[in-house]
Amino acid sequence: MAISRSTYGSRRLAIVLFALLLAGLFLFPSQSQGLLQYIGGPLGQILSLPLAAFSSLDHGISETWDGYVALQGVREENRQLRRDIELLKGQNNQLWDSVAATQRYENLLNFKQQSSSRTVSAQVIGRDATNWYRGVILNKGESDGVRSEMGVVTPAGVVGRIVKANSTSSVVLLVTDPNNAIAGLVQRTRDEGIVEGTSHGRARLKYIPLLSRVQPGDRVVTSGLTGAFPRGLAIGGLTQVEKSEGDLFQSAEIEPEVDLSKLDEVLVITAPYEEADAAQKLLQEIHGDRKKP
Amino acid sequence: MKFLLYALLALMVVPLQTTLLHYVIILGVRPDLGLIAACLVGFFGGELDGLILGLILGCFQDILSAGDLWINVVTKGGAGFLAGLAGRHMAHITPAVLTIGLVIISSLSSGVFLYAMNPATVDEIWVGVRSTVLVQVGFDAAIGAALYAMFRRRWSDDRMVTEGAL
């Protein structure tokens, strides 16, 4: 007869260990969370080494794929791009005239007081370890000034917010996750609401006033009411507005501005509203660059 | 020494899960290598081995996940422990038996995750079951059975010893 090699003692030890773990988690939830958080710091550092190795392997595979395998049909794309260049040359001339006009308008506006955010750039090195949360892992952590609840963006718009940070890496909960909530604003009608993720992997603007005239195509931006994001960052465009009978609010589905499946480099907002003089300095730099031939 | 090997295994499995596994996505779901590893070690090594590896894997996965810090520790630890209990009461583990065991354990683990997501309506529960649980369970069972089929002879020899040998 065949039997397992495990002894009765190890079985008893396993039962006791698991029972103690469960008892600890349920009887002292906050203390056990704190303990796990405390253990997570050094473990995160240990984990960062293989994580970086696997991440560079992943990038290598992606580059090989993009550089060789995915190049089929490039000739046709090249022809199309040449046609586009001719078209864009014409448009470019027109835009130079517009630039001169914009310069004048800029002087008219009191642009100096406009605030800007301080950011830290970070690279996406992985995806959430489970299938239950829509999250990505960044290669920047507390040692780079990244903390929980900070906002994460790309030049295109909002990505999500930091939910966990250890010394060398951090985890971002994407805007499409149902556990995420960001204060949003419909740009055209100025109606405010809360942007939440859906279980279908999109986002939804909730609590829009019933009398609001929002419509598909309207753009949603951050309202600046929550600390993580400054006002006016693009979140996405409305695709479908729902107004049910008896409901106190409307809601609308949002197509996120950022392609969250192809994230590579992101910016973590460490200070949403930096000093006004920093903005002014930046503006002066921009003006300086434009005056150069 | 064995537990050091488990720690090294966890250091390989969790980064692999978070980086390269997006190449093997089916319907938006990746296999849970942590759960599969904890179950296989539990089946063939016993409750304590399964539990210890599960706890280490869960701890690492919690660091690299947006969820609460306890959820992977409990599910992976529990999976390894349950697999150990199941493995003890079976004289012969065949691929079919192992697949059924993985289906049950992966379903339980997914159930805990679904509960922790706090779905507001029955519709949300069904969406979670359809879009994630069913695919996840099938994927985990298939990968686990495939791994077992690959290393069947070695694992069987390790696990099965005659009473006389003891």
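A polar contact is a pair of N or O atoms within 3.5 Å, where, within protein, one atom must be able to donate a hydrogen and the other to accept it. In this predicted model, 15 residue pairs, both at pLDDT 80 or more, are in polar contact across the interface of chain B and chain A.

The interface joins 59 residues of chain B to 53 residues of chain A. About 5,000 Å² is buried between the two chains, and carbon and sulfur atoms give 69% of that area. On the side of chain B, Leu64(B), Leu69(B) and Met117(B) lose the most area to chain A, together 13% of what that side buries. Several elements of chain B supply at least two residues each to the side that touches chain A, among them helices H1 (2-18), H5 (95-116) and H6 (122-150) and strand S1 (161-162). The largest share, ten residues, comes from H3(B).

A bend of about 35° occurs at Gly41(A), with Pro42(A) following within four residues. Buried residues of H2(A) include Gly40(A), Leu43(A), Leu47(A) and Phe54(A).

Two further residues of chain A stand out for their backbone. Most residues other than glycine have a negative phi. Glu149(A), however, has a positive phi near 75°; Glu149(A) lies in the loop between strands S3 and S4 and is partly exposed. Tyr207(A), in strand S9, has a phi near 65° and a relative accessible area of 42%.

How values were computed
Residues are numbered from 1 along each chain as its sequence is written. Chains are lettered from A and ligands numbered from 1 in the order in which they are written. This is a predicted model: local features need pLDDT of at least 70, side-chain atom pairs count only at pLDDT 80 or more; totals for chains, interfaces and linings use all residues. Side-chain values use heavy atoms; hydrogens and water are left out. The bend at a residue is the angle between axes fitted to the seven residues ending there and the seven starting there. Buried means under 20% relative accessible area, exposed over 50%, partly exposed in between (1.4 Å probe, protein chains only). Contact means heavy atoms within 4.5 Å. Buried area is the accessible area (1.4 Å probe) that two parts lose on being put together, summed over both. A polar contact is a pair of N or O atoms within 3.5 Å; within protein, one must be able to donate a hydrogen and the other to accept it, and residues adjacent in sequence count only if both atoms are side-chain atoms.
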